[in-house]
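User: I would like to learn how to read a few features of a model, taking each term with its cut-offs and then the case at hand. Could we go through them one at a time?

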Amino acid sequence: MADIQHQAKRAIQELLEQYGNEIYQYVLYTLGDRGLAEDAVQEIFLRALEAWPRFEHRSSPRTWLWAIARHYVRDMIRKKRRARNQAEVLLDHVADRPCDDRSLDRIELESALHNLPVSYREVVILRVIQDSPVREVAELLGWSEVRVRVTLHRAIKKLQKDFVEADERRPNPREGRESGWTSSTYRKG
């Protein structure tokens, strides 16, 4: 029995060294909180350690570990509905306008990511943020490559739509001046 536990600890330690950062990034981008992400990664690897003796090696250890991570994170999302961390990388994919005010773009992106369905978020994180190949994303999610591409396309379109809507709601200073607003209208009080 002790030998099995030792083998499990050793196997999970190797997985942690190989995929710990990757899993951490996924959890961080999904939950948007470093403390939660660190706790979640610890819990994911503890669950993997407990489940190792039942792992049947029908998939790669990486795929198996990702399944544990995905299930754990989905459970956390259902329970907590946490705000999302900003992902600068996505701004290049979603914002059609020049990014003069990065802080507004980041706030809008955080909100838009938070409003995406979980499956869209997973594909965006794996494919865009972590820059994983489509084949790899498909394997990790247990999907076909076509489903990954279609889901990513839909996610990007939804993010673009959300950014356009946010632009339309944002006041334009030029419009304010044309409608009678001037700097003299505003007085410091």
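User: Where is valine 146 found, and does it count as buried or exposed?

Analyst: This is a predicted model, in which local features need pLDDT of at least 70 and side-chain atom pairs count only at pLDDT 80 or more, while totals for chains, interfaces and linings use all residues. Residues are numbered from 1 along each chain as its sequence is written, and side-chain values use heavy atoms, with hydrogens and water left out. Helices (H or I, at least four residues) are DSSP runs numbered from the N terminus, and valine 146 is found in helix α8, residues 145–169. Buried means under 20% relative accessible area, exposed over 50% and partly exposed in between, with a 1.4 Å probe and protein chains only; valine 146 has 55% relative accessibility and therefore counts as exposed.

User: Why is helix α6 described as largely enclosed by the rest of the structure?

Analyst: Helix α6 (residues 118–129) is described in that way because nine of its 12 residues are buried, among them Tyr120, Arg121 and Glu122. After α6 comes aspartate 131, with a positive phi near 55 degrees.

User: How do α6 and helix α7 cross, and which residues meet there?

Analyst: Axes are lines fitted to C-alpha atoms, for helices over the stretch in contact, and angles run from 0 to 180 degrees between N-to-C directions. The axes of α6 and α7 (residues 134–141) come within 10 Å and cross at roughly 140 degrees. Angles under 35 degrees count as roughly parallel, over 145 as roughly antiparallel, 65 to 115 as roughly perpendicular and the rest as oblique, and α6 and α7 are therefore oblique to each other. Where contact means heavy atoms within 4.5 Å, Glu122, Val123, Leu126 and Arg127 in α6 meet Val134, Val137, Leu140 and Leu141 in α7.

User: How is a pair of aromatic rings described, and how many aromatic pairs does the structure hold?

Analyst: Such a pair is described by the distance of the centres and the angle of the planes. Rings of Phe, Tyr and Trp (its six-membered ring) pair if their centres lie within 6.5 Å, with planes under 30 degrees apart counted as stacked, over 60 as edge-to-face and the rest as tilted. The structure holds four aromatic pairs; in one of them, tryptophan 52 and phenylalanine 55 have ring centres 5.3 Å apart and planes at 40 degrees, so the pair is tilted. Both tryptophan 52 and phenylalanine 55 are buried, and ring pairs link Trp52, Phe55 and Trp64 into a cluster.

Note on methods. Helix = DSSP H or I, 4+ residues; strand = E, 2+ residues; numbered from the N terminus.
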